[in-house]
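Here's a quick tour of how two chains meet and how one of them is put together. Have the structure open as you read.

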Amino acid sequence: MYVAVKGGERAIENAHRLLANARRGDQSVPEVTLDQISEQLGLAVDRVMSEGSLYDRELAALAIKQARGDLIEAIFLVRAFRATLPRFGTSEPVDTGAMRVQRRVSATFKDIPGGQILGPTFDYTHRLLDPTLGQGFVPEVPATAEASTAPTPRVTDILGRDGLIESSPRSEDGASVGDLTREPLNFPADRDLRLQNLARGDEGFLLAMGYSTQRGYGRNHPFVGEIRFGEVEVEFSAEDVGFAVPLGSIELTECQMVNQFKGSATEAPCFTRGYGLAFGQSERKTMSMALVDRALRARELGEEAVAPAQDEEFVMSHSDNVQATGFVEHLKLPHYVDFQSELGLLRKLRKEFAEANAPEAMKEAAE
Amino acid sequence: MKLSIIIDNFNSASSVDLVTQHNNQQAQRKAAMAVLAHAEAGEIAARLRTIALPGHLDLREPENGLVMLRGRAGGDGAPFNLGEATVSRAAVRLASGEVGFGYTLGRDGEKARLIALCDALVQSSDFGEAVERDVIGPLREQLMMRRNQAAAETAATKVDFYTMVRGEG
């Protein structure tokens, strides 16, 4: 138990001053700007936006700078900031089918309408450190080609037309959508809450959970139906305006996982699916999310839930890195009172132990 | 404009015209907002300086807040809450009475105010044409150029995977 302590104000103040200096580092080195972080460490910004659950590049860049590059600390800062603003409402659900695609690959079909588009990717790089980046590097201008105006439908929509894959769950118009930032989490949790939880969940945790399903702990035989990354338009039904107002666009990554099929005496067998969606370019995150989303559907699909990734209480209670780090890191705060009582108890037990085990001769001599 | 008033209008031909007019104006306002939301405040302000603006006042001072962004399970299924975004909003009224609204992602209150001003101008019979010609039109063109450039760069990374027969290659 943590009991409040007083004192140490001067030391705390000086420690924060020292932190500010450590953050700045050698002052003969130019200070990093928010634009530089946003432009050149873009994937770190994407991760902080996703797990901070707040789309704002500039704020995420500021958080990364303030946290000295500690992304979980930065996510913490962003979460705390969001609590300071009023909520105007909720957006219309974004249409990822209408995404201005910058990258789109499918591991299940090589010929997909609209084509496979690599975009800016680490895939097929050799993972060799490039010393030229350390010496002022000017990239070649990007190659261009005639852009096609052909639509790029979601691969799962194409499979769905032939009934080869289960359709996405529908909901009644106007049905309420769970929001775990407003209501406490209860189990069992529906898929809307699970997806929200996973979308803001820690990438490393979801990666490990997704990996565990591949290694046999809740295996569900996944294929990447499609990964797409690009810009989608956001609209907000503002009551004062009277129609859905365009707010601008955001970058999203979407992963459609196609998984082992199921069928029954009454239903023809078809592939099942898992879904991942995250802010920015976050492929590892959305792939992991899709694997875990599918694993968490065990109950719904009548599978035996035997592995950690299939246990929604386990996954959802441990996926949030701000909660997790809060509980783990609070251990380093003063626990003096608590520890003193433990110490007192331990001394008493040791004394009793010593008395009970003292040699008979000693006892007799003492008498 | 209340739809019931329109429907109650016994002159059915002109009521249809009114509805069409209303829908047209709504579509026009929405199209303008879709362009303005992608522009920088400075760009909008610079374009607006080419117009002799009518008197106007802030009906709602710029205000920052959040909008919860929603996705759909599977891309096309039931909605879920993905995460929030910062949004700035404002409202402006022209001396002639038109009320404009400005909403934009981010925390740039001045941009929201400029969008609201443009939205009011779009609805004005005196300024609707000028704001389309001198502000929204050019910004739309810039936006299209940026998008076309990005699309051309993306198109150059389109691949044709082909599966090889074992033993080949």
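## A strand pair across the chains

B:Lys158 in strand S4 of chain B is the bridge partner of A:Ile117. That link belongs to a pairing between strand S4 of chain A (residues 116–117) and S4(B), which run antiparallel and are joined by two bridges. Strands count as paired here if DSSP finds at least two bridges between them. Helices (H or I, at least four residues) and strands (E, at least two) are DSSP runs, numbered from the N terminus.

A word on the model: it is predicted, so local features need pLDDT of at least 70 and side-chain atom pairs count only at pLDDT 80 or more, while totals for chains, interfaces and linings use all residues. Residues are numbered from 1 along each chain as its sequence is written, and chains are lettered from A and ligands numbered from 1 in the order in which they are written.

## The wider interface

Zooming out, 66 residues of chain A are in contact with 50 residues of chain B, contact meaning that C-beta atoms, placed from the backbone, lie within 7 Å. S2(B) gives the most, with 10 residues.

What is this side of chain B made of, by class? There are 24 nonpolar, 17 polar and nine charged residues. Nonpolar covers Ala, Val, Leu, Ile, Met, Phe, Trp, Tyr, Cys and Pro, charged covers Asp, Glu, Lys and Arg, and the others, Gly among them, are polar.

## Strands within chain A

Strand S5 of chain A (residues 223–237) pairs antiparallel with S3(A) (residues 100–105) over five bridges, and A:Glu231 in S5(A) partners A:Arg100.

S5(A) also pairs with strand S6 of chain A (residues 244–262), again in the antiparallel sense, over 14 bridges. Here A:Phe236 has A:Val245 as its bridge partner. The two strands form a hairpin with six residues between them, and A:Gly242 in the turn has a positive phi of about 95°.

## A helix pair in chain A

H7(A) (residues 191–199) packs on H9(A) (residues 283–295) at an angle of about 150°, their axes 10 Å apart. Axes are lines fitted to C-alpha atoms over the stretch in contact, with angles running from 0 to 180 degrees between N-to-C directions. That makes the two helices roughly antiparallel, the label for angles over 145 degrees.

From H7(A), A:Arg194, A:Leu195, A:Leu198 and A:Ala199 meet A:Met289, A:Val292 and A:Asp293 in H9(A). This contact divides into five nonpolar, no polar and two charged residues.

Terms used. Two residues are in contact if their C-beta atoms, placed from the backbone, lie within 7 Å. Angles under 35 degrees count as roughly parallel, over 145 as roughly antiparallel, 65 to 115 as roughly perpendicular and the rest as oblique.
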